[in-house]
Amino acid sequence: MSKLFNIFKRYKFELLVIYIFMLCMELSLLSQPFLLGKSIDGLLHGDYIWIGLLGCSYFISILFNYRRMLYDTKVYTKIYNDIVFDCIKKSTVDASAKLARAHMAGDIVGVLEGYVHYYISTIVTIIGSIGIIYLGNLYVGFAVTAAAVCILLGVAMFYKKIKQSINLINDNREHESKSIQRGYDTAISFYNKKRKLDIHASTIQGKNWFIVNSIKYVFLIIAIILLVTTTNDITAGEVVTMYSYVDRFLISLLSIPIAVEMYSRITNILHRM
């Protein structure tokens, strides 16, 4: 992973600007369930202040996302080109493997552009949501914490299989160009193998997601029951607020299997680069 950290270090100022835009947007999004609940209770009593604040929060999140979108493509395309140029210049493998690794460079940029953005959102949501949940109802807080533990255990069951699957897929990718050059029969054999590897990987991911989502929905139902039965004089707005934060927290826990797959994929590619 030191190669990935070197990329972060090399482009730290450009990436920092992007991630600050992302953080500001996510903090604005985090406030919205709270403001929504207050708006509902306020409107029931003829108070329009909270609905105005909610509208401001929507606008702020859109504005920061717009600014980020204008800037980040320029940065990520530069990073991609620099990685590919370095790979072509320094790599000593044959042309087929070199071409495959140039394409794999897009996966590295995908981590910076997609996964890091996703995890900024996830970290803000998890930390912010769990704090608000515990403040709102201790029993619900314990329930969603138990969900996080169960999801971690579920993902651990599939980690080794996911890692092996990614390694086999990338091994095969390095022979694509060579297989095509050798003729029709070799190319057919390559793509049939690729199909089998993709199906195998998809099956593992499907089983992983089934277990994780099952855990999520079980604990969502438990949290709803605990919220309604253990909170005195709860208002409609408070129900909406707490449900929103519980749902966001549990959805954010789905980032755990994504993180495992991303880590396995990117470490495998960086080892090859």
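**Figure 1. Helices H6 and H8 pack at an angle of about 160°, their axes lying 10 Å apart.** The model is predicted: local features need pLDDT of at least 70 and side-chain atom pairs count only at pLDDT 80 or more, while totals for chains, interfaces and linings use all residues. Residues are numbered from 1 along each chain as its sequence is written, and side-chain values use heavy atoms, with hydrogens and water left out. Helices (H or I, at least four residues) and strands (E, at least two) are DSSP runs, numbered from the N terminus. Axes are lines fitted to C-alpha atoms, for helices over the stretch in contact, and angles run from 0 to 180 degrees between N-to-C directions. H6 and H8 are therefore roughly antiparallel to each other (angles under 35 degrees count as roughly parallel, over 145 as roughly antiparallel, 65 to 115 as roughly perpendicular and the rest as oblique). The crossing of H6 past H8 is left-handed (the near helix is turned anticlockwise from the far one by less than a right angle; clockwise gives a right-handed crossing).

Figure 2. On the H8 side the contact includes Phe 219, Leu 220 and Ile 224, which meet residues of H9 including Met 242, Val 246 and Leu 250. The contact of H8 with H9 has 11 nonpolar, no polar and two charged residues.

**Figure 3. The largest nonpolar core has 29 residues.** Such a core is a set of buried Ala, Val, Leu, Ile, Met, Phe, Trp, Tyr and Cys residues joined through side-chain atoms within 4.5 Å; buried means under 20% relative accessible area, exposed over 50%, partly exposed in between (1.4 Å probe, protein chains only). Ile 133, Val 246, Leu 250 and Leu 253 have the most contacts inside this core. At least two core residues come from each of H4 (95–136), H5 (138–156), H6 (159–173), H8 (184–230), H9 (236–253) and H10 (255–272). H8 gives the largest share, seven residues. Leaving aside residues up to four places away in sequence, Leu 253 touches Ile 126, Val 144, Ala 147, Ala 148 and Ile 151. Another core, of 21 residues, lies apart from the largest one and includes Ile 7, Tyr 11, Met 25 and Ile 269.

**Figure 4. Ile 256 is placed in helix H10.** Ile 256 counts as buried because its relative accessibility is 18%. Residues up to four places away in sequence aside, Ile 256 touches Ile 151, Leu 152 and Val 155.

**Figure 5. The protein chain has 10 helices and zero strands.** Its C-alpha trace spans about 75 × 40 × 30 Å along the principal axes. Of the 273 residues in the protein chain, 41% are buried. Among contacts between residues at least 6 apart in sequence, 83% join residues at least 24 apart.

Conventions: Contact means heavy atoms within 4.5 Å. Ala, Val, Leu, Ile, Met, Phe, Trp, Tyr, Cys and Pro count as nonpolar, Asp, Glu, Lys and Arg as charged, and the others, Gly among them, as polar.
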